[in-house]
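Please read this briefing alongside the sequence and the coordinates.

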Amino acid sequence: MRQAFHELRMATRGRGLYEFTDEVEAWVSKNGLRSGLVTLHLRHTSASLLIQENADPDVRRDLEAFFARLVRDGDPLFIHTAEGDDDMPAHVRAALTTVNLSIPVNQGRLTLGTWQGIYLWEHRKSPHSRTITIHFIGE
Amino acid sequence: MRQAFHELRMATRGRGLYEFTDEVEAWVSKNGLRSGLVTLHLRHTSASLLIQENADPDVRRDLEAFFARLVRDGDPLFIHTAEGDDDMPAHVRAALTTVNLSIPVNQGRLTLGTWQGIYLWEHRKSPHSRTITIHFIGE
Amino acid sequence: MRQAFHELRMATRGRGLYEFTDEVEAWVSKNGLRSGLVTLHLRHTSASLLIQENADPDVRRDLEAFFARLVRDGDPLFIHTAEGDDDMPAHVRAALTTVNLSIPVNQGRLTLGTWQGIYLWEHRKSPHSRTITIHFIGE
């Protein structure tokens, strides 16, 4: 039984979904991890981690459109506006989704479904640098 | 320290909450798992995993009613409608909930609260076959 | 490789966000846990666990205001009202967030971001006693 850690840095170009399934798969493969549990933890409060369909890009467009309507930028309800009208909406979107994912690894592969991809969801409108801690425990 | 894997298949009869706490408990018991961590990963993007009250069935009815109103089938906002008017709402519901659960096991039992049940939440209106990867690490 | 368990009890004073990052850090430190995975599981269906900003208290005020508007107490949609007009809204809020968190531990510290705190989000208006199972696996 062993563990492995990695810190993945991703540069975003502003609001939107950024897939990084390949980066996680490559790290699992490079480290020869055969079976166990991969945990991803995003170290920020205005972005999310999400597992969603990676086939039709319209799904990402529609997810973004739905969340933009549900949590409106500049909503007068919000008083925390220090960093602009997308500041508090970014925190609310993060609360409605998650910053933790746990995915079993079997036979050297993440046990994702055929259409599942792993995404960083940037909720701020401006580009940001984001850090994700990746942890593995198993064999 | 050891690991165990299982692939659980569930046939749904369309939209709704399907409890499978007993199946997970039975698997933990059958494998003699005493203490550790159980992780459930649903391998789909239009259904969710949820821990919720398993006493009054009205809670499931109300959860479904709330989500149906929040994410309307046939909403003209959506352009990804390839599989019907419940296609994109199913992806949004999955994003608003989760496809991963991690539950500690102690003294041979899941550490669920008295009223907590584990559910597969089918978001599509038609019957589907769903697969959940179950992983255990511990003793 | 070893495991550790703890049952954390928290008394809430009604609806709101209660930070307990220090309690988790102190437990990790006291047990000499160096590297591994901490999993938190809340054993209730009308409260949540949340990782969010712990700097400006306005963020918590705005999160609460947004959720109160999104899931209205006394909404006539709900039929499960046995414990009052905040009963079913509490279940919906829990479904929209989560009751599970998994955070890697590295060099004896939780790998939280600079601004991340761990919160118990009480969704009921009256004070409650809540229990969180904490599990560690690693070294």
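Which residue forms a salt bridge with B:R69? C:D75 does, with the closest N and O atoms 2.6 Å apart; a salt bridge here is a side-chain nitrogen of Lys or Arg within 4 Å of a carboxyl oxygen of Asp or Glu.

This is a predicted model, in which local features need pLDDT of at least 70 and side-chain atom pairs count only at pLDDT 80 or more, while totals for chains, interfaces and linings use all residues. Residues are numbered from 1 along each chain as its sequence is written, chains are lettered from A and ligands numbered from 1 in the order in which they are written, and side-chain values use heavy atoms, with hydrogens and water left out.

**Symmetry**
- Chain B is superposed on chain A by a rotation of 120 degrees with 0.0 Å of shift along the axis, at an RMSD of 0.0 Å (least squares on the C-alpha atoms of residues with pLDDT of at least 70 in both).
- The two copies are therefore related as by a three-fold rotation axis.
- The C-alpha of chain B nearest the axis belongs to B:L96, 3.3 Å from it.

**Chain B against chain A**
- Contact (heavy atoms within 4.5 Å) links 30 residues of chain B with 35 residues of chain A.
- About 2700 Å² is buried between them, 64% of it from carbon and sulfur atoms; buried area is the accessible area (1.4 Å probe) that two parts lose on being put together, summed over both.
- There is 1 salt bridge between these chains, and A:R69 forms a salt bridge with B:D75 at 2.6 Å between the closest N and O atoms.
- On the side of chain B that touches chain A, α3(B) gives the most, with 6 residues; helices (H or I, at least four residues) and strands (E, at least two) are DSSP runs, numbered from the N terminus.

**Chain B against chain C**
- Here 35 residues of chain B are in contact with 30 residues of chain C.
- The buried area is about 2700 Å², with 63% from carbon and sulfur atoms.
- B:M1, B:D62 and B:F66 supply 19% of the area that chain B buries against chain C, more than any other three residues.
- The interface of chain B and chain C has 1 salt bridge.
- α2(B) gives the most to the side of chain B that touches chain C, with 10 residues.

**Helix α3 of chain C**
- Of the 10 residues of α3(C) (residues 87-96), 10 are buried, so this helix is largely enclosed by the rest of the structure.
- Among the buried residues are C:D87, C:H91, C:R93 and C:L96; buried means under 20% relative accessible area (1.4 Å probe, protein chains only).

Notes
Buried < 20%, exposed > 50% of the residue type's maximum accessible area, 1.4 Å probe, protein only.
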